[in-house]
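Hi everyone, thanks for coming.

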Amino acid sequence: MLKELQLSLWFILLLVCGFLYQLAQRSSCLFSCLPPLKSQQGPEALLSQGRGIVFIETSERMEPPPLVCCAVESAANTYPEQPVAFFLKGLCNATLPASDSSSPAWSLLSAIDNVFLFPLDMKRLFEDTPLISWYTQVNSSAERYWLHVSSDASRLAIIWKYGGVYMDTDVISIRPIPEENFLAAQASHFSSNGVFGFLPRHPFLWGCMENFIEHYNSDIWGNQGPNLMTRMLRVWCKIGDFRELSDLRCLNLSFLHPQRFYPIPYPQWRRYYEVWDTEPSFNDSYALHLWNYMNQERRAVVRGSNTLAENLYRKYCPRTYRDLIKGPEASVTRKLGPGNK
């Protein structure tokens, strides 16, 4: 009788050990195989306070090049207490790569605590906005600048819904923007749409979405982007010339001096890839737009080149510089994305 009891206890003990082993294996997979818990939050919950920094990728590209990673990382470093949301269209039809993926770009982005990756579902995004009627009727295959036009529309809808700051993926953040409702001047009387910020449900952005449809012409590059912002600014405010380095204000909107984001204007974009005798301090800037859309020559940041861009990477996105920037023999510039205007 005692022997039978001992055998029963041993059998039960073996069953318990097997159960605990399987549970441990499943728990290990739960924490190592699934995306990080932070990625399970939806944008509604994450961005509800209107303090997020937003990036968008409207192509199917799923391997962010170094400049995109630098833009996202620099924003995460500049705004450590705020969520940085990266919306990618490619995530709608693909599985998010694991954090231990062989892709160094994904490994880098997933390791940053305040960076969150979301699918860009345009149909869902445009619901309850004026843009839904346009989106359900437009023939994207016939659009000359579809990646750019869809990006222009998406950034308006996201910031209108959630608030926060939108940035193109070739914008390197260097210090926090102190404004809540603002447009960035590219030049006097001309607004960019590469950087802007608003509180949720701001009427200016609703007007922009209405203007997007009313004056839709996708054959003109920028007509739905910087040209639209400039049109709406002129309707919203009577803007004069900038005086010295002062910003302009009208109603509850600030029009920020070109030095804030565009201290190097687009005709001089190559200056970012040159060696300077004395590099600028950018003391009057919040971020720097590297004009990647202009970079048809595919100039790249190269380790050891001592160009302005290399030094910006080393200072403001050190992980990107460490993990993704190679020496002269391995430097490759990837195809430009629509967020790189």
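I'll take a helix, then a strand, then a charged residue.

First, some housekeeping. This is a predicted model, in which local features need pLDDT of at least 70 and side-chain atom pairs count only at pLDDT 80 or more, while totals for chains, interfaces and linings use all residues. Residues are numbered from 1 along each chain as its sequence is written, and side-chain values use heavy atoms, leaving out hydrogens and water.

Let's start with helix H7, residues 146-162. Helices here are DSSP runs of H or I with at least four residues, strands are runs of E with at least two, and both are numbered from the N terminus. H7 has 17 residues and reaches 24 Å from first C-alpha to last, close to the 24 Å expected at 1.5 Å a residue; that expectation is 1.5 Å times one less than the number of residues. H7 is largely enclosed by the rest of the structure, because 16 of its 17 residues are buried. Buried means under 20% relative accessible area, with exposed over 50% and partly exposed in between, using a 1.4 Å probe and protein chains only. Just after H7, Gly-163 has a positive phi of about 75°.

Zoom in on Leu-156, which sits in H7 and counts as buried at 2% relative accessibility. What does Leu-156 touch, leaving aside neighbours within four places in sequence? Its contacts (heavy atoms within 4.5 Å) are Phe-196, Leu-205, Cys-208, Met-209, Phe-212 and Met-229. Phe-212 is 56 residues from Leu-156 in sequence, yet their C-alphas are 9.7 Å apart.

Next, strand S9, residues 253-256. Leu-253 and Phe-255 on one side, and Ser-254 and Leu-256 on the other, are all buried. Strands pair if DSSP finds at least two bridges between them. S6 runs parallel to S9 with 3 bridges, and S8 is antiparallel to S9, also with 3 bridges. Within these pairings, Phe-182 partners Ser-254, and Leu-248 is opposite Phe-255. The S8 and S9 hairpin has 2 residues between its strands, and Leu-251 takes a positive phi near 55° there.

Last stop: Glu-310, in helix H10. Glu-310 is buried without a salt bridge, meaning a Lys or Arg side-chain nitrogen within 4 Å of an Asp or Glu carboxyl oxygen. The nearest side chain of opposite charge is Arg-314, 4.3 Å away. What does the Glu-310 side chain reach at 2.7 Å? That's the backbone nitrogen of Gly-304.

Thanks, all!

Methods
Lys and Arg count as positive and Asp and Glu as negative; His and the chain ends are not counted. A polar contact is a pair of N or O atoms within 3.5 Å; within protein, one must be able to donate a hydrogen and the other to accept it, and residues adjacent in sequence count only if both atoms are side-chain atoms.
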